[in-house]
Amino acid sequence: MTSKVEEALGYEQARDELIEVVRRLEAGGTTLEESLALWERGEELAKVCRRWLDGARARLDAALAEEAEAEKASAEREDGEGRS
């Protein structure tokens, strides 16, 4: 379940925060507790990014399918007109 804060994050915001979390984890120097908290936050941010990307993919697929249907219908109309 996502919090309202996570739902309000845009893709770029979540991505940028995730980059910062990874940078801090890679740099080291944090306690085990801090590292675990960073890891958990990174997992949440990755999920937010994935939801945004999945949504973008679904919108793109829908637009491409709609365009293909329009082209098919147009081609069928042109074929029908050519036969008359």
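The structure is a predicted model, in which local features need pLDDT of at least 70 and side-chain atom pairs count only at pLDDT 80 or more, while totals for chains, interfaces and linings use all residues. Residues are numbered from 1 along each chain as its sequence is written, and side-chain values use heavy atoms, with hydrogens and water left out.

The side chain of arginine 15 meets that of aspartate 16 in a salt bridge with an N to O distance of 3.0 Å, a salt bridge being a side-chain nitrogen of Lys or Arg within 4 Å of a carboxyl oxygen of Asp or Glu. Aspartate 16, at 41% relative accessibility, is likewise assigned to the partly exposed class. Helix 2 (residues 11-27) comprises 17 residues and reaches 24 Å from its first C-alpha to its last, close to the expected 24 Å, the expectation being 1.5 Å times one less than the number of residues; helices (H or I, at least four residues) are DSSP runs numbered from the N terminus. Just after helix 2, glycine 28 adopts a positive phi of about 75°.

Six salt bridges are present in the structure. One of them links arginine 50 to aspartate 54, with the closest N and O atoms 3.7 Å apart, and both residues lie in helix 3, four residues apart, or about one turn of the helix. Arginine 50 has a relative accessible area of 49% and is therefore partly exposed, as is aspartate 54 at 42% relative accessibility. A further salt bridge, at 3.4 Å from N to O, joins the side chains of arginine 57 and aspartate 61; because these residues are four apart in helix 3, about one helical turn separates them. Arginine 57 is partly exposed at 47% relative accessibility, and aspartate 61 is partly exposed at 38%. Salt bridges with shared partners also connect Glu17, Arg41 and Glu44 into one network.

A negative surface patch is formed by Glu69, Glu76, Glu78, Asp79 and Glu81; patches consist of residues with over 30% relative accessible area and no salt bridge, like charges being joined within 9 Å and nonpolar side chains (Val, Leu, Ile, Met, Phe, Trp, Tyr) within 5 Å. Glutamate 81 is located in helix 3 (residues 32-83), and its relative accessibility of 61% places glutamate 81 in the exposed class.

Notes. Accessible areas come from the Shrake-Rupley method with a 1.4 Å probe; for residues, only the protein chains shown count as cover. Lys and Arg count as positive and Asp and Glu as negative; His and the chain ends are not counted. The place of a charge is taken as NZ of Lys, CZ of Arg, CG of Asp or CD of Glu. Helices (H or I, at least four residues) and strands (E, at least two) are DSSP runs, numbered from the N terminus. Buried means under 20% relative accessible area, exposed over 50%, partly exposed in between (1.4 Å probe, protein chains only).
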